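Hi everyone, thanks for making time for this.

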Amino acid sequence: MYILAVVVVYGIIFFADLRPLIKAKNIKETIFLSLILFGGFIFSIIWAAGVKIPSLGESIEKFFIDTFGTVYPQK
Amino acid sequence: MIDSEKISSRVFAFSVAGVIQSSVLLTSLFIDMVRQDSWIIVLLGMFMVVPFILMYSFIMKNYPDKNLFQVLEKVFGRVIGKIISLFYLYFFFQLTSLNLNDVGSFINSALMPNTPLIIVMLITMSVIIYAVKGGISVITKYAAALVVIVVVVFLLAALLTLNIIDLKNFLPVFEYSIIKYVQGTHIVTTIPFAEIVIFLMVTPNIKIKPENIKKFFFTGILIGALTLLLVVTSSIALLGENLYLYTIPPFEMFTLINITSALSRMEILSAIAILILLFFKISILFYVTVVAISYFFNLSSYKPLARVLGIIVVIYASFIYDSMIIHTFLAANITIFIWFVFEFVFPLAIVIGTKVKNKLQKAIAPNSDTEINNEQQGTGIDNNSGKEAMAESVDNNKGKSAQSSATQQII
């Protein structure tokens, strides 16, 4: 159900954003815009399929806390 | 420039105020730490943010037509500038996602407990995308109105609860260890106050005289911080020592308003005020994120990115933290240090870099002036010698022609 919703929503977004993609000023811009469009679509599908994606922020913060500990005392 | 729209200096000041006011939801982060002394933390935070504002004003004054990424490239060079810009991209994206998650959690816990979080965030984001596609002037057009409405709502709450406040709730003062106050001040300075660093990304869009930047920055901070102080003091006066038990004290205090049957249970007013502010803050944050990505990848327009990034932000915000407990713990212990790098360390490096560059340029300028003078003098001598040489050659020619005419006469 989630996957279907994502495909429909993303489909609408994709076609709505195709025009600026075509009008992009150079090939580099076209490639980047296509990457972000398709990348976002793949990211959404993976998430909708229930795959657990690690949170970037939480991973970075946990890395810091595991490496350096906390500066302020706990209790 | 990706977005050529301009906002006035007043709108800028109210936008700063709005961004700070929207942090009323985050008061629970430091209220839990020093409870009845939380108002002291807000006051200390107001003083601690002064050097931050001075730095941001300096950067805006020195680079009025450049956004933060362009300034980084100018000061540190292309490679280092791009690397620091990449870190800032993470910072903007993370801030947007965190605030969107806060909106979803607030609506979920206070207003619509049965609605899935993702739906709430998706609907909120749809409106934000629409606003962001309009540009910076559309987002900030009603900043003044929003800020005034919020101040009025919280003032009204304070007035309508005057009959039940207890000033003894503020006692005892300074009950906790100093480190708790330090941590609380650190939280209030980095999380709501210094987040105004985001405005460095819209410097070229602000129509402001360089000498007035500091004034409008301080005005915005003052309005925002005083509103936060009003909310915190009202919450302490009303909820007393049970304050830390509530997840959103500014929301809970409205439930206590009970003047007559007509004027009771007014928490919906608080909910509207908080939602308006968060919508405003996320709109600015999301705009900054989208514009930052467009600058980073040298795109001609930011608008095609708005919808796609909006969806990615919604999805990322849905799993940004495993639980609220982890979120609160990390925010109070780790996030404040990471944010400090973006809000203080990098801007300070820009200020130092700019000052060093200016000094070097001044030191080089007099030397180059003397070199130019010397060169000019050198060419002057050459010219003179050239003239002399020409004169000699003319004389020689004259001599030669005289000699030839004399020979002709003899012949």
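I'll begin with the two chains, then go to where they meet, and finish with a few single residues.

A word on ground rules: this is a predicted model, so local features need pLDDT of at least 70 and side-chain atom pairs count only at pLDDT 80 or more, while totals for chains, interfaces and linings use all residues. Residues are numbered from 1 along each chain as its sequence is written, chains are lettered from A and ligands numbered from 1 in the order in which they are written, and side-chain values use heavy atoms, with hydrogens and water left out.

Let's start with chain A. Its secondary structure comes to 4 helices and 0 strands, and along the sequence the pattern reads α-α-α-α. Of the 75 residues in chain A, 32% are buried. By "buried" I mean under 20% relative accessible area, with exposed being over 50% and partly exposed in between, using a 1.4 Å probe and protein chains only.

Chain B has 411 residues, and 51% of them count as buried. It contains 15 helices and 2 strands. Take the contacts in chain B with a separation of 6 or more: 83% of them come from residues 24 or more positions apart. Contact means heavy atoms within 4.5 Å.

Now, where do the chains meet? On one side 36 residues of chain A are in contact with 39 residues of chain B. Together the two chains bury about 3300 Å², 70% of it on carbon and sulfur atoms; that area is the accessible area (1.4 Å probe) that two parts lose on being put together, summed over both.

How many salt bridges are there between chain A and chain B? The count is 0, where a salt bridge is a side-chain nitrogen of Lys or Arg within 4 Å of a carboxyl oxygen of Asp or Glu. Polar contacts do turn up, with 7 residue pairs across the interface, both at pLDDT 80 or more. A polar contact is a pair of N or O atoms within 3.5 Å; within protein, one must be able to donate a hydrogen and the other to accept it, and residues adjacent in sequence count only if both atoms are side-chain atoms.

On the chain A side, helices H1 (2-16), H3 (27-48) and H4 each supply at least two residues that touch chain B. H3(A) gives the most, with 9 residues.

Glu61(A) is buried yet has no salt bridge, and the nearest side chain of opposite charge, Lys62(A), is 9.1 Å away. For charge, Lys and Arg count as positive and Asp and Glu as negative, while His and the chain ends are not counted.

Lys62(A) does have a partner: it forms a salt bridge with Glu58(A), the closest N and O atoms being 2.9 Å apart. These two are separated by about one helical turn, because they are 4 residues apart in helix H4 of chain A. Glu58(A) is buried, at 5% relative accessible area, whereas Lys62(A) is partly exposed, at 34%.

Over all chains, the structure holds 4 salt bridges. In chain B, Glu195(B) and Lys281(B) meet in one, at 2.6 Å from N to O. This pair links distant parts of the chain, 86 residues apart: Glu195(B) sits in the loop between H10 and E2, and Lys281(B) in helix H13 (residues 267-296). Both Glu195(B) and Lys281(B) are buried.

One last stop is Phe93(B), in helix H6 (residues 78-111) of chain B. Phe93(B) counts as buried because its relative accessibility is 18%. Beyond its neighbours within four places in sequence, Phe93(B) is in contact with Thr289(B), Ile312(B), Val313(B) and Tyr316(B).

That's my tour, and I'm happy to take questions!
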